[in-house]
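Here are my notebook entries from a look through this model. I jotted them down in the order I went.

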Amino acid sequence: MSKTYLRPLGLSYGADAMRAVAQGRAGRLGGSAFIAFHCAEIITRDGKHVSRAVADYGDLAKEAALARIEAWRAPLCGLALDRPKLMGIVNVTPDSFSDGGQTAEAEPAIAHGLRLAAEGAQILDVGGESTRPGSEAVAMDEELARVIPVVTGLARAGHTVSCDTRKAGVMRKAIGGGAVIINDVSALRFDPESLATVADLGCAIVLMHAQDDPRTMQLNPTYDDVALDVYDMLAARIAACTAVGIAPGNIAVDPGIGFGKTFRHNLDLLGQLTILHGLGVAVLVGLSRKSLIGALTGEKTPAARASGSIGGAVQAALNGAHILRVHDVKATAAALAVAMAIADPETSGL
């Protein structure tokens with residue numbers, strides 16, 4: 001069966017962008033308050049055959065994805081998504097790839113989360129199970145013991161807390177402890193109870209694309225077309241969520257950089273990131289300190305990959321990413337402040 005996708009192109013920013021939108025010459029990219037697209041690639045896939053053509057904005061009115069691309073994104077847990085938000089990473093694991101378990105206990109993890117919030121993170125993402133390539137699953141009791149004290153501590157301090165978990169039991173305890181977002185690297189496929197659990201809890205959900213389980217995902221990842229295949233999987237998971245009553249405004253998607261993808265897959269996916277706005281929900285990008293950054297920069301130590309990670313985060317923001325999941329919050333916030341001020345000087349305060 002033939003499928004059609006729209007990949008927004010010809011991006012502009014700030015006053016120029018909003019003027020073009022007001023004049024009907026461009027559309028808002030993912031409901032952005034400062035990014036517009038002036039044309040789009042129309043991609044048609046029929047089996048393994050893919051055709052591509054570029055059309056101006058004025059010729060896109062009949063395309064079904066257009067309205068989804070342009071629609072304002074509803075606030076996620078009270079956070080407006082017209083400009084990018086930062087999700088700070090709080091790992092409560094002894095074997096994290098990025099920080100070597102430096103915050104594997106509750107007290108230092110809470111302190112780290114508070115520091116990230118002070119540096120500009122609007123969301124704190126607490127995880128107790130490493131999902132790095134080759135990692136094994138953690139027993140639920142162990143995961144609960146790791147994350148719940150941290151979730152509770154940060155939520156009581158008044159912060160917007162996300163719990164990075166694949167298990168329905170952990171989801172329930174985390175939301176009960178004050179979390180308002182579930183960030184599931186399996187897109188609610190790992191635990192057969194998780195889809196109904198999120199619907200019952202009424203919380204926000206981040207659906208991440210991953211090919212296979214973390215233990216095996218990097219053995220031989222293959223795609224017909226990585227951007228279209230990721231889009232289709234996420235579209236199917238959004239449909240599964242809405243079918244059980246999860247509101248689209250409570251859904252964000254993550255293309256899953258590094259999860260069952262080669263370095264080239266990751267680059268191709270990031271280069272075509274705007275296609276994901278056709279899903280009609282918030283887009284989250286997390287590439288902080290990942291091996292892709294090391295491959296591009298030559299930096300073998302994950303904790304030393306801040307500069308490359310920030311470059312990727314800014315690029316994602318300029319392609320309309322609504323949420324950026326990062327380790328180095330202070331530096332990323334500073335880079336974004338400069339990039340956003342140049343893109344949209346009216347908001348700089350100068």
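**Entry 1: two helix pairs**

I began with H10 and H11, which cross in a right-handed way; a crossing is right-handed if the near helix is turned clockwise from the far one by less than a right angle, and left-handed if anticlockwise. Before going on, I noted that this is a predicted model, where local features need pLDDT of at least 70, side-chain atom pairs count only at pLDDT 80 or more, and totals for chains, interfaces and linings use all residues. I also noted that residues are numbered from 1 along each chain as its sequence is written, and that side-chain values use heavy atoms, with hydrogens and water left out.

H10 covers residues 306-318 and H11 residues 329-343, and their axes are 10 Å apart at an angle of about 40°. Helices (H or I, at least four residues) and strands (E, at least two) are DSSP runs, numbered from the N terminus. Axes are lines fitted to C-alpha atoms, for helices over the stretch in contact, with angles from 0 to 180 degrees between N-to-C directions. H10 and H11 are therefore oblique to each other. My cut-offs here: under 35 degrees is roughly parallel, over 145 roughly antiparallel, 65 to 115 roughly perpendicular, and the rest oblique.

Which residues of H10 and H11 make the contact? H10 brings Ile310, Ala313, Val314, Ala317 and Leu318, and H11 brings Ala331, Thr332, Ala335, Leu336, Ala339, Met340 and Ala343. Contact means heavy atoms within 4.5 Å. For the classes, Ala, Val, Leu, Ile, Met, Phe, Trp, Tyr, Cys and Pro are nonpolar, Asp, Glu, Lys and Arg are charged, and the others, Gly among them, are polar.

Next came H4 (residues 140-156) and H5 (residues 168-176), whose axes come within 10 Å and cross at roughly 20°. That makes H4 roughly parallel to H5. This crossing is right-handed. In H4, Met140, Glu143, Leu144, Val147, Ile148 and Val151 meet Gly169, Val170, Lys173 and Ala174 in H5. The contact of H4 with H5 has seven nonpolar, one polar and two charged residues.

**Entry 2: loop residues**

Is His277 buried or exposed? His277 has a relative accessible area of 0%, so I count it as buried; buried means under 20%, exposed over 50%, and partly exposed in between (1.4 Å probe, protein chains only). His277 sits in the loop between H8 (263-271) and strand E11 (282-285). Beyond residues up to four places away in sequence, His277 touches Leu29, Gly30, Arg68, Ile69, Arg73, Val283, Asn319, Gly320, Ala321 and His322.

I then turned to Ala121, in the loop between H3 (106-119) and E6 (123-127). Ala121 is buried at 9%. Its C-alpha is 8.2 Å from that of Ala333, 212 residues apart along the chain.

Leu188 is not a glycine, yet has a positive phi of about 65°. Leu188 lies between E8 (181-184) and H6 (194-201) in a loop, and is buried at 4%. Arg289, also not a glycine, has a positive phi of about 65°. I found Arg289 in the loop between E11 and H9 (291-297), buried at 11%.

**Entry 3: cysteines**

How many disulfides are there? I count zero disulfides, a disulfide being a pair of cysteine sulfur atoms within 2.5 Å. The closest cysteine sulfur to that of Cys77 is in Cys203, 7.9 Å away, so too far for a bond. Cys77 is partly exposed at 30%, while Cys39 is buried at 15%.
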